[in-house]
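Take a look around, then read on.

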Amino acid sequence: MVLKFDVKYLRSKEKVSKKIGVENIIATEELFETDVSHSKLNLKVIRCRRDKHKQSIRVLGNDGYRILLTTKDEIIYFQDIMKHDKYDRVTKNC
């Protein structure tokens, strides 16, 4: 599968990297590309009415941040990176 980054993801990555370190985010992206099912990623399927393929993974080295992603036509799109509090709000009424 091909991995692509949305513009929103790139913007939030830039903001968040100042707090948690860009190395952690890059390590998460690389681990996802090599082993999607790795236990450190803590892959979760999100029940969403609008997007049936929405999932999230944990940012390595920081349990407080998650990356939202979706799959479409054999392409994985990283959509956003956020704190767990915001993640709970966004995915609650998806």
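## A helix across the sheet

Let's begin with H1, which lies across S1, S4 and S5 and runs at about 40° to S5. Keep in mind as you look that this is a predicted model.

The sheet itself is an open one, built from five strands in the order S1-S5-S4-S3-S2, with mixed pairing. At its edges sit S1 (2-5) and S2 (44-45), each of which pairs on one side only.

## Walking through the strands

S2 is joined to S3 (residues 55-58) by two bridges, and the two run antiparallel. Here Lys44 stands opposite Ser56 in S3. On the next pairing along, Ser56 stands opposite Leu68 in S4. S3 and S4 are antiparallel too, paired over four bridges. Their hairpin has six residues between the strands, and Gly61 takes a positive phi near 80° there.

Next come S4 and S5, joined by eight bridges and again antiparallel. How enclosed is S4? Six of its eight residues are buried, so the rest of the structure largely encloses S4.

## Two helices together

Now for the helices. Packed helices in general are described by the angle between their axes and the distance between those axes. H1 and H2 pack at an angle of about 130°, and their axes are 7 Å apart. That angle makes H1 oblique to H2.

Which residues meet where these helices touch? From H1 come Tyr9, Lys13, Val16, Ser17 and Ile20, and from H2 come Val22, Asn24, Ile25, Ile26 and Glu29. Sorted by class, this contact has six nonpolar, two polar and two charged residues.

## The nonpolar core

In soluble globular proteins, nonpolar side chains tend to be buried together. The largest nonpolar core here has 17 residues. Those with the most contacts inside this core are Ile25, Phe32, Ile57, Val59, Ile67, Phe78 and Ile81.

Setting aside neighbours within four places in sequence, Ile25 is in contact with Tyr9, Lys13, Val16, Ser17, Ile20, Val59 and Ile81.

Is Lys13 buried or exposed? Lys13, found in helix H1, has a relative accessible area of 15%. The cut-off for buried is under 20%, so Lys13 counts as buried. Not counting residues up to four places away in sequence, Lys13 touches Val22, Ile25, Ile26, Glu29 and Ile81.

Lys40 is found in the loop between H2 and S2. Its relative accessibility is 53%, and exposed means over 50%, so Lys40 counts as exposed. Even so, Lys40 has partners: leaving aside neighbours within four places in sequence, Lys40 is in contact with Leu31, Arg58 and Leu60. Lys40 and Ile57 are 17 residues apart in sequence, and their C-alpha atoms are 8.8 Å apart in space.

Note on methods
Residues are numbered from 1 along each chain as its sequence is written. This is a predicted model: local features need pLDDT of at least 70, side-chain atom pairs count only at pLDDT 80 or more; totals for chains, interfaces and linings use all residues. Side-chain values use heavy atoms; hydrogens and water are left out. A nonpolar core is a set of buried Ala, Val, Leu, Ile, Met, Phe, Trp, Tyr and Cys residues joined through side-chain atoms within 4.5 Å. Buried means under 20% relative accessible area, exposed over 50%, partly exposed in between (1.4 Å probe, protein chains only). Contact means heavy atoms within 4.5 Å. Axes are lines fitted to C-alpha atoms, for helices over the stretch in contact, and angles run from 0 to 180 degrees between N-to-C directions. Angles under 35 degrees count as roughly parallel, over 145 as roughly antiparallel, 65 to 115 as roughly perpendicular and the rest as oblique. Ala, Val, Leu, Ile, Met, Phe, Trp, Tyr, Cys and Pro count as nonpolar, Asp, Glu, Lys and Arg as charged, and the others, Gly among them, as polar. Two strands pair if DSSP finds at least two bridges between them.
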